[in-house]
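Please find below a colleague's note on the structure under review.

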Amino acid sequence: MQEPRNAASADFPYTLSTVCYIEVSSGGTVTFGRDAGTYERARSGASRLYAVWPGQYRSDLFVIDDLDDYARAFGIVHDERRTGLADHEHRVRWSISPYETNPNGSYVSVEVRFDCGCEIKDLAAFAKHMREQKGWAVATSTGFSGGWSQDDGHRFSVRVRRTSLRA
Ligand SMILES: [Zn+2]
């Protein structure tokens with residue numbers, strides 16, 4: 001028989017849809033799947049969290065021993081490295097893209113420059129920050145473009161619902 005491996009030492013693919021999470025409560029009850037309380041229960045010691053990482057020829061059982069890793073992967077705690085976004089009020093300059101062909105459409109292309117040094121690596125995280133900080137409705141299904149350039153620093157283009165943009 002084998003002991004479960006440690007997820008933290010294996011670059012575990014937490015968000016892979018085929019991963020099966022198994023929760024064993026301190027009373028011995030076994031459940032699977034995850035919900036909004038999984039992280040807190042595991043962190044408080046009310047349960048231990050395991051996961052099966054399905055492979056092509058066999059599947060291995062892991063113990064989720066680094067709950068911070070787990071929480072960052074699911075966006076339960078903010079991950080600055082993965083998202084490119086510090087957990088602060090961003091200083092951004094923005095304008096409607098000069099390449100926008102339909103500036104009166106419901107969504108428009110917006111060019112964003114970060115004066116705070118952040119960048120967009122995770123559009124959903126950017127959308128969440130901008131909704132909270134500026135009230136923007138950023139389209140997350142259409143993706144984003146941009147990156148670092150010598151002239152402009154970090155510059156990105158995103159789609160934003162026009163009526164949510166305020167000066
Ligand atoms: Zn920032």
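Predicted model: local features only at pLDDT ≥ 70, side-chain atom pairs only at ≥ 80, totals over all residues.

1. The protein is divided into two parts, with domain 1 covering residues 5–77 and domain 2 covering residues 81–164. Taken over C-alpha atoms, the centres of domain 1 and domain 2 are separated by 32 Å.

2. Aromatic pairs. How many aromatic pairs does a search of the whole structure find? The search returns 12. One of them joins Phe12 and Tyr14 in an edge-to-face arrangement, with 5.2 Å from centre to centre and 65° between the planes. Phe12 counts as buried because its relative accessibility is 6%, under the limit of 20%. Tyr14 is likewise buried, with a relative accessible area of 6%.

3. Tyr21 belongs to strand β2 (residues 20–25), whereas Phe74 sits in the loop between α2 (67–73) and α3 (80–83); the two are 53 residues apart, and the pair links distant parts of the chain. Are these two partners buried or partly exposed? Tyr21 is buried, with a relative accessible area of 3%, while Phe74 is partly exposed at 23%.

4. Phe12, Tyr14, Tyr21, Trp53, Phe62, Tyr70 and Phe74 form one aromatic cluster.

5. The largest nonpolar core. This core holds 21 residues, of which Val110, Val112, Phe114, Phe126, Trp136, Val138 and Val158 touch the most other members. Two or more residues are given to the core by each of β7 (107–114), α4 (123–134) and β9 (153–161). Which element supplies the largest share? That element is α4, with five residues. Val110 illustrates the surroundings: beyond its neighbours within four places in sequence, its contacts include Trp94, Ile96, Trp136, Phe156, Val158, Val160 and Leu165.

6. The second core. A separate core of 15 residues includes Phe12, Leu49, Ile64 and Tyr70. Phe12 and Tyr70 from this list are also members of the aromatic cluster described in point 4.

7. Ser109. This residue is found in strand β7. At 14% relative accessibility, Ser109 counts as buried, because the limit is 20%. Its side chain makes a polar contact of 2.9 Å with the side chain of Arg159. Leaving aside neighbours within four places in sequence, Ser109 is in contact with Ser95, Ile96, Ser97, Glu100, Ser157, Val158 and Arg159.

8. Ala139. The loop between α4 and β8 (145–149) contains Ala139, which counts as buried at 12% relative accessibility. With neighbours within four places in sequence set aside, Ala139 is in contact with Tyr107, Leu123 and Arg159. The C-alpha atoms of Ala139 and Ala124 are separated by 8.8 Å, and the two residues are 15 apart along the chain.

9. Arg48. Strand β4 (residues 47–54) carries Arg48. With a relative accessible area of 47%, Arg48 is partly exposed; the value does not qualify as exposed, because that class requires over 50%. Not counting residues up to four places away in sequence, Arg48 touches Ile22, Glu23, Val24 and Val63. A separation of 41 Å lies between the C-alpha atoms of Arg48 and Gly146, which are 98 residues apart along the chain.

10. Asp60. Which side chain makes a polar contact with the side chain of Asp60? The partner is Arg58, at 3.0 Å. Asp60 lies in strand β5 (residues 59–63) and counts as buried at 17% relative accessibility. Its contacts, leaving aside neighbours within four places in sequence, are with Arg5, Ala51, Val52 and Trp53. Trp53 is also one of the residues in the aromatic cluster.

Conventions
Residues numbered from 1 in each chain as written. Heavy atoms only, no water. Phe/Tyr/Trp six-rings, centres within 6.5 Å; stacked < 30°, edge-to-face > 60°. Buried < 20%, exposed > 50% of the residue type's maximum accessible area, 1.4 Å probe, protein only. Helix = DSSP H or I, 4+ residues; strand = E, 2+ residues; numbered from the N terminus. Core = buried A, V, L, I, M, F, W, Y, C linked by side-chain atoms within 4.5 Å. Contact = heavy atoms within 4.5 Å. Domains from an automatic or database assignment. Polar contact = N/O pair within 3.5 Å; in protein donor to acceptor, adjacent residues only side chain to side chain.
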